[in-house]
Amino acid sequence: MASPCEPEQVPDCRAILGEGAIWNRALERLHWIDIEGRRVFTYDPATGENRAYDVGQKVGTVVPRARGGLMLALHEGFATLDLDSGRVAPLPRPPEHDPAIVRFNDGKCDPAGRFWAGTMALVKGPKPLGRLHRLDADGSMHVMLRDVATSNGIGWSLDRRTLYFIDTPLRRVDAFNYDDATGAITSRRAVITVPPDLGRPDGSTIDAEDMIWVAMFEGWGVTRWNPRTGELLQTIRLPVARVTSCAFGAPDLDTLYITSARAGLTDEQLAAQPLAGCLFKVRPGVRGVPAFAYQG
Ligand code: CA
């Protein structure tokens, strides 16, 4: 039997570019996505079933919706997904969003139930073309940040006063003062700097001790940090290089689910990483906190 800190592969859960892990408390299911495979998954740990929904375009992230079903950030913009019919219904195009040059990537809901999701350029250019968008419960959409290169992990401190944000090429976790009443963010500053040998910071999640977990792309693992001191606290190694997102799940929120990618690997690298693209789980000895649902 694996030791508590030894990640295990979740059977029959494979993706090209796995991402977006998030636990749905109401359904007791893990949602996750395959960006390249254009699919959203709903994994039931009780039965092992991993239901796949083809959403027809690249999908950047998924969050639960309080009234039922899911919210997606697709390549072209926000959408709803009905879990019974599989029907995808797009919302109006977000402001300043041009799907010819950027696509949606990572995102999460804030404690007040607004859905934040960012974008990344489809081709490399001299200037960061991404944005961080916010979809409010009333359906209004707001551009919260510009000049973003690759919008990735996002999360909130337990006191709901700080937003953490990762723009991957900066190799940092940045913090903002966050106003839960209005959704405004101010006073950006770097709180964690990731050394190059750890890989590139990708998806993230907060645990019950207010520490932040970061998936390390090309870093063979997930890392736990204290965002008040910038200190690296723990590393969980994985048998795959491209580790993309992590989220606490299971009814007690004691299991960390971790996604990975095989996209972009050479045949030689794939031979050395036969589990690339798999979903993993581990019990790291700390619990998570419930993810917030979209309130619109
Ligand atoms: Ca990501």
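Which residue in strand 12 does glycine 118 stand opposite?

Author: The model is a predicted one. In it, glycine 118 stands opposite leucine 132, which belongs to strand 12. The two strands involved are strand 11, residues 115–121, and strand 12, residues 130–135. They pair in the antiparallel sense, over 4 bridges. As background, strands of a sheet pair through backbone hydrogen bonds, and the pairing is either parallel or antiparallel.

This pair is part of an open sheet of 4 strands, in the order 10-11-12-13, and the pairing is antiparallel. Strand 10 (102–109) and strand 13 (141–148) stand at the edges; each has a single partner strand, so one side of each has no neighbour in the sheet. From one strand to the next, the twist averages 20 degrees.

The side chains of lysine 127 and aspartate 147 meet in a salt bridge, at 2.9 Å from N to O. Lysine 127 sits in the loop between strand 11 and strand 12, and aspartate 147 sits in strand 13; the two are 20 residues apart and link distant parts of the chain.

Two of them share arginine 224. In one, the side chains of aspartate 207 and arginine 224 meet at 2.7 Å from N to O. Aspartate 207 lies in the loop between strand 18 (200–206) and strand 19 (212–217), while arginine 224 lies in strand 20 (residues 221–226), so this pair ties together parts 17 residues apart in sequence. Both aspartate 207 and arginine 224 are buried.

In the other, arginine 224 forms a salt bridge with glutamate 209, and the closest N and O atoms are 2.7 Å apart. Glutamate 209 lies in the loop between strand 18 and strand 19 and arginine 224 in strand 20, so here the parts tied together are 15 residues apart in sequence. The relative accessible area of arginine 224 is 10%, which makes it buried. Glutamate 209, at 48% relative accessibility, is partly exposed. Elsewhere, salt bridges that share partners join Glu96, Arg131 and Arg146 into one network.

Strand 15 (residues 162–167) pairs with strand 16 in the antiparallel sense, over 4 bridges. Within that pairing, leucine 163 stands opposite phenylalanine 176 of strand 16. The hairpin of these strands has 4 residues between them, and arginine 171 there takes a positive phi near 55 degrees.

Strand 16 is also joined to strand 17 (residues 185–193) by 6 bridges, and the two run antiparallel. Valine 173 has isoleucine 192, in strand 17, as its bridge partner. In the hairpin of strand 16 and strand 17, with 6 residues between the strands, glycine 183 takes a positive phi near 80 degrees. Of the 7 residues of strand 16 (residues 172–178), 5 are buried, so strand 16 is largely enclosed by the rest of the structure.

The model also holds a calcium ion. Its protein donors are Glu19 (OE), Asn152 (OD1) and Asp202 (OD), lying 2.2 Å from the ion. Along the chain, the donors follow the spacing E-x132-N-x49-D. Glutamate 19 is in strand 2 (residues 18–24) and asparagine 152 is in strand 14 (residues 151–156); this pair links distant parts of the chain, 133 residues apart. Glutamate 19 and asparagine 152 are both buried.

Leaving aside neighbours within four places in sequence, threonine 259 is in contact with several residues, among them Glu19, Trp32 and Cys278. Threonine 259 is placed in strand 23 (residues 255–260). Its relative accessible area is 0%, so threonine 259 is buried. The side chain of threonine 259 makes a polar contact with the side chain of threonine 244, at 2.6 Å. Another polar contact runs from the side chain of threonine 259 to the side chain of serine 245, at 2.6 Å.

How values were computed
Residues are numbered from 1 along each chain as its sequence is written. This is a predicted model: local features need pLDDT of at least 70, side-chain atom pairs count only at pLDDT 80 or more; totals for chains, interfaces and linings use all residues. Side-chain values use heavy atoms; hydrogens and water are left out. Buried means under 20% relative accessible area, exposed over 50%, partly exposed in between (1.4 Å probe, protein chains only). A polar contact is a pair of N or O atoms within 3.5 Å; within protein, one must be able to donate a hydrogen and the other to accept it, and residues adjacent in sequence count only if both atoms are side-chain atoms. Contact means heavy atoms within 4.5 Å. Two strands pair if DSSP finds at least two bridges between them. Axes are lines fitted to C-alpha atoms, for helices over the stretch in contact, and angles run from 0 to 180 degrees between N-to-C directions. Donors are N, O and S atoms within 2.8 Å of the metal (3.2 Å for Na, K and Ca); water is not among the atoms, so sites may look incomplete. A salt bridge is a side-chain nitrogen of Lys or Arg within 4 Å of a carboxyl oxygen of Asp or Glu.
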